[in-house]
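Please report on the side-chain contacts and surface features of this model. Keep it brief.

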Amino acid sequence: MAARKGRRRTCETGEPMEAESGDAGSQGQAQVYLPGRGPPLREGEELVMDEEAYVLYHRAQTGAPCLSFDIVRDHLGDNRTELPLTLYLCAGTQAESAQSNRLMMLRMHNLLGTKPPPSEGSDEEEEEEDEEDEEERKPQLELAMVPHYGGINRVRVSWLGEEPVAAVWSEKGQVEVFALRRLLQVVDDPQAMATFLRDEQARVKPIFAFAGHMGEGFALDWSSRVPGRLLTGDCQKNIHLWTPADGGSWHVDQRPFVGHTRSVEDLQWSPTEDTVFASCSADASIRIWDIRAAPSKACMLTTASAHDGDVNVISWSRREPFLLSGGDDGALKVWDLRQFKNGSPVATFKQHVAPVTSVEWHPQDSGVFAASGADNQITQWDLAVERDPEAGDTETDPGLADLPQQLLFVHQGETDLKELHWHPQCPGVLVSTALSGFTVFRTISV
């Protein structure tokens, strides 16, 4: 454990996995495992989770893996910290056959905190009570699914007034919009679910579809400032603007925004300006655009070599003029948009040893962000943290001296991580999707 301090608080790295040796000579000795920095696990060693590093930790599986999901804002209130938690996710599958895919609404509830370790004085009677409580402590999952032909590359949810909708990028080259109101109703009501499964499920269709991209894509973002305004980007380097029209439809501008030379990997609307968005691409660049200009002239700023290779993901801070990016080079970079013209990030962090697959700023804490990588790590960072010189942590464990000072936490244990999101209404709660399923957790550090 390395002591950190900043913002009048002390944080700890809580690398939750410990390497426990099965060798006769070192039976039961646990050591902190630092992925990518220490020796690989030896035969007989396994990673064991340190539950004391978590406030909340749950896992769920839905059958076919999901490349993408989004958290659905609900009416249960903001700043929810009281346990148990309830949350809603919208996700799409990548099944083995096109016709086996589903768009899903998940309701996870009865999400309790990690169980405190037993005290030294605990007796058998207390253990029996714990077993009785175990059933009540089990998390619950309700799932409503609708058929979707083709694997789902990305899902993003927005509220249009009182109507929740999901935009869905398909591997079949289409972007569709689905109404979610009925799916939200049925995961809350068992009787409604029975009716839905019997009479409605097979008939659910998108309320709008656009096939003008001429190929598949991944980039997708709803504007948080102009309800219904949507951007979609494809693997053919094109970006299209969607404008809401009367009758629950959209006008999609057939003229693409021109600038990238390879696949558009991610898109982010500005949280402070109605007409400005950012994009990143496999051409290694990040671009800033303004839709008030004609699509061929809308690119206003470019950093041509933002990463050494593909730029996979970006996140635009809602509280500071910062853009966060992650690339195939494993690097995480923070860009100050006031200095974007000079082409240099204000911070670069290297902890991941494989491509970064997802990044996102914390919705409330302006200096905190999270990232996931193809190295099966989720990392949590705080730009305001500095190493505590009085802690002497580097003397007790020299391996920690190489860690970036701003690294708060390393979460492991997932397989083939794809995407993560902070819950906007439950501070500190992170949700991730991977080949191994969904994980909902909150660490002691955030």
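## Salt bridges

R198 is exposed, at 60% relative accessible area. Exposed means over 50% relative accessible area, buried under 20%, and partly exposed in between, with a 1.4 Å probe and protein chains only. The model is predicted: local features need pLDDT of at least 70, side-chain atom pairs count only at pLDDT 80 or more, and totals for chains, interfaces and linings use all residues. Residues are numbered from 1 along each chain as its sequence is written, and side-chain values use heavy atoms, leaving out hydrogens and water.

R198 pairs with D199 in a salt bridge, 3.2 Å from N to O. D199 is partly exposed, at 33%. A salt bridge here is a side-chain nitrogen of Lys or Arg within 4 Å of a carboxyl oxygen of Asp or Glu. The structure holds 15 of them. Side chains of opposite charge can pair when their charged atoms come close.

## A network and a further pair

R107 and D188 form a salt bridge at 3.1 Å, N to O. R107 sits in strand β9 (residues 102-111) and D188 in helix α2 (residues 181-188), so this pair ties together parts that are 81 residues apart in sequence. Helices (H or I, at least four residues) and strands (E, at least two) are DSSP runs, numbered from the N terminus. R107 is buried, at 18% relative accessible area. D188 is partly exposed, at 40%. A network of salt bridges links R107, E142 and D188.

R73 and D78 make another salt bridge, at 3.7 Å from N to O. R73 is partly exposed, at 41%. D78 is exposed, at 51%.

## Helix α3

Helix α3 covers residues 190-200, and its buried residues are A192, M193 and F196. Viewed down the axis of α3, these fall within an arc of 105°, so they line one face of the helix. The arc is taken from the directions that run from the helix axis to the C-beta atoms. An α-helix has 3.6 residues a turn, so residues three or four places apart point the same way.

The other side of α3 carries exposed P190, Q191 and R198. R198 is also the salt-bridge partner of D199.

## Aromatic pairs

A search of the whole structure gives 19 aromatic pairs. In one of them, the ring centres of W361 and F369 lie 5.4 Å apart with planes at 75°, so the pair is edge-to-face. Rings of Phe, Tyr and Trp (its six-membered ring) pair if their centres lie within 6.5 Å; planes under 30 degrees apart count as stacked, over 60 as edge-to-face and the rest as tilted. W361 is buried, at 5% relative accessible area. F369 is buried too, at 0%.

Which residues form one aromatic cluster? They are F208, F210, W222, W242 and W250.

## Surface patch

V55, L83 and I444 make a nonpolar surface patch of about 210 Å². Patches consist of residues with over 30% relative accessible area and no salt bridge; like charges are joined within 9 Å, and nonpolar side chains (Val, Leu, Ile, Met, Phe, Trp, Tyr) within 5 Å. Accessible areas come from the Shrake-Rupley method with a 1.4 Å probe, and for residues only the protein chains shown count as cover.

L83 lies in the loop between β7 (66-71) and β8 (85-93). L83 is partly exposed, at 35% relative accessibility.

## Cysteines

C235 is partly exposed, at 29% relative accessibility. C299 is partly exposed, at 23%.
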